[in-house]
Amino acid sequence: MQLATLYKEHIILLKIHYENTLNILKEKGLALDAILIHSGSESYYFADDNHIAFRSVPHFTHWLPLEGPDHFLLFQPGKNLRLFRYVPKDFWYEIPKDNLNHYLDQFELIEVNKVSQVQNYLPNLSKTAYIGNNPKLVQEWGVSEDLVQPKMLMARLDFARAKKTPYEVACLKLANERASHGHRRAMEGFNNGLSERHIHRDYLNAIDATEYETPYTNIVALNEKASVLHYQQKRGNEATFGNLLLIDAGAKTFGYCSDITRTYLRQGADPLFEELLNKMEILQKALVAKVKVGLSYIEIHRSTHQGVAEILSDLGLIKLSAAEIFERQFTHPFFPHGIGHLLGIQVHDVSGHVADEEGTPAPPPAEYPFLRFTRNIEKGQVFTIEPGFYFIPMLLEPYRNSSDQALFDWKTIDRLTPLGGIRIEDNIHVTDEGPENLTRAVL
Ligand SMILES: [Mn+2]
């Protein structure tokens, strides 16, 4: 189906969701007659007139991918959606012309040159909730303080965002396709022995984006830097020749993010590491295949630890059975992060740690503190599956100095440590028929 058609359907679904939410809130004693959503105000670096790269408020992007500060959307049940598009008369900057006609025709469009003009078109705001980053501005217009991001409203809107409409899934597919061009180029660059910096720039070129347009800062790690989970530097030509590349990089399309990681090993670098990489590839695919409506995502995370335990045992890195390695949590230093997270307008999308639309907390189990998503798997969710296996000296150190030290093959571990680690990450859409892998469809 065409994106424009899917978008129209998305708007209908979103309107129904907002209306239902207002009805429920009314029953619960919070009567609202409108919601004012702000794309956001710009913010500045401390003591500086340079502004911080702008990102729209995600609740605004949920309605439409119009970029830039100080646009407003007014939702009133049963009425047309009103979009206040901020088009300042400003000779310092160019006002970008968006090619968004098929989006904009869903709205009653009002263009303003000054933010303060929006107020002239607004109804009485005493029962209007505000979503945005500049409450002071709208309180001057009459929004009451307790209706700024009311918790009851936000919990319901955020909880629902885990489940994507067909339009959102289509955008996430496009974001995966866009990133796939960068990943292919990165692999070529690695094969040609390029530096982290060079691979990073080639990636941006291949997806045709600037730094500001990517969903998060690319992780481009050669060799031992692959074991730094959020490695942000990019080494230039002084970097040693790469025997391994870990690249964690995505792309954005119409405000929706992809988040993809691939690990490549130079042929002949180390036969045991090659075996490890193959086993992780098999494990990652097996974990994706487990995705099923009704299963708890925590179970996928637990299965990952069982899989990593098997690998540690098979390769003889720990001289115990897989069951014992799992039981004694010896997998934890090798796989210290969560198996994944919700994905959407935000790369770590909201509401991974809540049990219901009321916002009841659902924190991760004590043994898995970094797991970002604890809910049951439901149709329409999109999340990542990203198992990892790393040699992180800081995390291994306590075991090296413990009474269990003789269980580990330190000689081999030390040999593999300069290759850093492995992460393989795909974006998964849950359907009634099982997992739809949005990443492997294009990469
Ligand atoms: Mn991720």
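Which residues coordinate the manganese ion? To answer this in the predicted model, select the manganese ion and display its donors: Asp259 through OD, His341 through NE2, and Glu386 and Glu425 each through OE, at 2.1 to 2.4 Å. Along the sequence, these donor residues follow the spacing D-x81-H-x44-E-x38-E.

Next, select the pair aspartate 259 and histidine 341, which links distant parts of the chain, the two residues being 82 residues apart. Aspartate 259 sits in the loop between strand S9 (256–257) and strand S10 (260–265), while histidine 341 belongs to the loop between helix H11 (322–327) and S11. Aspartate 259 counts as buried because its relative accessibility is 3%. Histidine 341 is likewise buried, at 3% relative accessibility.

From here, move to strand S11 (residues 382–385) and select threonine 384, which lies within this strand. Its relative accessibility is 0%, and threonine 384 is therefore classed as buried. Display the side chains of threonine 384 and glutamate 386 together: a polar contact of 2.9 Å joins them. Glutamate 386 is one of the manganese donors. Now show the residues that threonine 384 touches beyond four places away in sequence; among them are Asp259, His341 and Glu425, as well as Tyr297, Ile339 and Asn427.

Finally, turn to the second largest pocket, whose volume is about 450 Å³. Colouring the lining by class shows six nonpolar, eight polar and six charged residues.

Notes:
Residues numbered from 1 in each chain as written. Predicted model: local features only at pLDDT ≥ 70, side-chain atom pairs only at ≥ 80, totals over all residues. Heavy atoms only, no water. Helix = DSSP H or I, 4+ residues; strand = E, 2+ residues; numbered from the N terminus. Buried < 20%, exposed > 50% of the residue type's maximum accessible area, 1.4 Å probe, protein only. Polar contact = N/O pair within 3.5 Å; in protein donor to acceptor, adjacent residues only side chain to side chain. Contact = heavy atoms within 4.5 Å. 1 Å grid on protein atoms, 1.4 Å probe; cavity = no way out; pocket = protein on both sides within 12 Å on 5 of 7 lines; lining within 4 Å. Points joined across faces, edges and corners; volume = space filled by probe spheres on them. Nonpolar A, V, L, I, M, F, W, Y, C, P; charged D, E, K, R; others polar. Donors = N, O, S within 2.8 Å, 3.2 Å for Na, K, Ca; no water.
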